[in-house]
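Here is a friendly tour of one protein chain, written for someone meeting it for the first time.

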Amino acid sequence: MIKKNIFQFVFFLLGINLFLTSAVNAADKGWYLTPGVSYIMEDKDRDADNSVGFQLGVGKPVDDVMNVELTVTFDSLPQGGGNSSEFDQVGLQLDALIFLSQVKKWSTYSVFGVGILRTEFYGNKGGAPMINVGLGVMSPLWKDKVGIRSDVRYRIDERNVYGERSFGDWIVNVGLVVPIGQGKASKAKSENKPAIKIDMASDAPIILKGVNFELGSDQLLPDSIYILDAVAEALRKQPTVAVEVAGHTDSSGSPEFNQELSAKRAEAVTKYLATKGVAAENLKAAGYGADKPIADNATPEGMAQNRRVELNILKR
C-alpha cells in the first residue's frame with residue numbers, strides 16, 4: 001500500500017517537474033514548491049487504518065500576510081480487520097495560508113482550502129468536493145531560503161459509503177518550502193547599474209526606494225543590495241552621523257504582525273549596513289508597522305508606497 005503511494009508520487013514528481021521548470025522560471029519572484037509527507041488519522045466510520053500520504057504543491061505569496069497554494073495529495077487508507085480493500089485517494093486542492101504572527105523566525109498560519117478528492121474503493125471510482133482547515137508553523141531551515149513547515153488539518157470529503165454522506169479525517173503534514181525561479185534575474189540586472197548617491201544633508205526622512213523584501217519576510221531581495229551599498233558608502237563618509245533605520249508596512253495583516261515584520265526588516269537592513277563597515281553604534285533599528293502611512297492604503301499603489309524603509313537622522 002505504501003509502496004504503491006511512493007510509486008505514484010515519484011511518477012507525479014517526474015511529470016510535474018517539466019511543467020514547473022518551464023513555467024515558473026519565466027514567472028516573477030515568489031514561487032515555491034511544497035513537497036511533504038502526511039499522516040492521516042482516518043474517520044472511524046471508514047472502518048480503515050491510519051496511513052501515510054504524500055503531497056506536492058506550488059505556491060506564491062499574494063501579500064505580506066497571505067499565500068495561495070495548489071497542491072496534489074496521494075494517500076491509501078487500508079481497511080481494518082485484514083480486509084485487502086483500501087481507500088485509494090488523489091486530491092487536488094486550492095489553499096489560502098493566512099499568517100497570524102512571527103516569533104523570532106517562526107511564523108504561524110491558518111489554512112483554508114477547497115478541492116476535489118478522487119477515491120477508488122472496491123473498484124468504484126469517483127470525485128467528490130473536499131474542504132480542509134487547519135493551523136501550522138513555518139520557519140527558515142537553510143540559509144533563510146529553504147524552509148520547513150508543519151500543520152494539522154481537518155479534511156471533510158462528501159462520500160456516500162457505508163451509508164455515510166461524508167468523512168472527516170485529521171491530517172498531520174510535515175514538509176519543505178523550496179523557492180523556485182528567484183534571484184538569478186535580479187542579480188544579473190544589478191551588475192552594470194550606474195553609481196548612485198544618498199543625500200545625507202537633509203534632516204527629512206530618506207526613503208530608501210528600491211529596498212524591498214520577500215513577501216511576508218525580512219529577507220532582502222537581491223536588487224536591494226545595490227541601494228544599501230550606496231547607503232553604507234554615504235554613512236562611512238560621515239562617521240559622526242547616527243541614523244534610525246525605520247521599517248514600515250501597509251495595513252494588511254494584524255497590527256501585531258505588521259509591527260513585528262517592520263522591526264525585523266529594519267533590523268535586517270541595520271545588520272547589512274554594519275557588515276559594510278558602518279559603525280554599529282550609529283545605527284538604530286525601529287519598526288512602526290502601519291502606524292505612519294505616507295499614502296492611501298485603499299489602493300495597491302498606496303500600499304506599495306507604505307511598504308518602505310527610511311533613514312531618520314538622529315545625530316550629525
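## A first helix: α3

Let us begin with helix α3, which has 16 residues and reaches 24 Å from its first C-alpha to its last. That is close to the 22 Å expected at 1.5 Å a residue, where the expected span is 1.5 Å times one less than the number of residues. Helices here (H or I, at least four residues) and strands (E, at least two) are DSSP runs, numbered from the N terminus.

The buried residues of α3 are Ser224, Ile227, Leu228, Ala230, Val231, Ala232, Ala234 and Leu235. Buried means under 20% relative accessible area, exposed means over 50%, and partly exposed lies in between, with a 1.4 Å probe and protein chains only. What covers these buried residues of α3 includes β11, α4, β12 (283-287) and β13.

## About the model

This is a predicted model, in which local features need pLDDT of at least 70 and side-chain atom pairs count only at pLDDT 80 or more, while totals for chains, interfaces and linings use all residues. Residues are numbered from 1 along each chain as its sequence is written, and side-chain values use heavy atoms, with hydrogens and water left out.

The chain has five helices and 13 strands. Of its 316 residues, 46% count as buried. Among the contacts (heavy atoms within 4.5 Å) with a separation of 6 or more, 63% are between residues 24 or more positions apart.

## The nonpolar cores

Which residues have the most contacts inside the largest nonpolar core? They are Met200, Val211, Leu235, Val269 and Leu273, in a core of 27 residues. α3 (222-237), β11 (242-248), α4 (255-275) and β13 (308-315) each supply at least two residues of this core. The largest share, seven residues, comes from α3. A nonpolar core is a set of buried Ala, Val, Leu, Ile, Met, Phe, Trp, Tyr and Cys residues joined through side-chain atoms within 4.5 Å.

Leaving aside its neighbours within four places in sequence, Val269 is in contact with Val211, Phe213, Leu220, Leu228, Val245 and Val309. Apart from this core lies another, of 10 residues, including Val111, Met138, Phe257 and Leu261.

## The helix α4

α4 has 21 residues and reaches 31 Å from its first C-alpha to its last, close to the 30 Å expected at 1.5 Å a residue. Its buried residues are Phe257, Asn258, Leu261, Ser262, Arg265, Ala266, Ala268, Val269, Thr270, Tyr272 and Leu273. Just after α4, Gly277 takes a positive phi of about 95°.

Lys105 is found in the loop between β5 (86-103) and β6 (106-121). At 41% relative accessibility, Lys105 counts as partly exposed.

## Strands and how they pair

Two strands pair if DSSP finds at least two bridges between them. Four strands form an open sheet in the order β10-β13-β11-β12, with mixed pairing. The edge strands, β10 (206-207) and β12, each pair on one side only. β11 and β12 run parallel and are joined by five bridges; Glu244 stands opposite Lys284 in β12.

Elsewhere, strand β3 (residues 51-61) pairs with β4 in the antiparallel sense over nine bridges, and a hairpin joins the two through four residues. Strand β4 (residues 66-78) is largely enclosed by the rest of the structure, because 10 of its 13 residues are buried. β2 and β3 also pair in the antiparallel sense, over five bridges.

## Rings and a charge

Rings of Phe, Tyr and Trp (its six-membered ring) pair if their centres lie within 6.5 Å; planes under 30 degrees apart count as stacked, over 60 as edge-to-face and the rest as tilted. By this rule the count comes to two aromatic pairs. The rings of Tyr154 and Trp170 have their centres 4.9 Å apart and their planes at 50°, so the pair is tilted. Tyr154 lies in strand β8 (residues 146-161) and Trp170 in strand β9 (residues 164-179).

Finally, Lys292 lies over the face of Tyr288, at 4.2 Å from the ring centre. A charge sits over a ring if NZ of Lys or CZ of Arg is within 6 Å of the ring centre and within 35 degrees of the ring normal.
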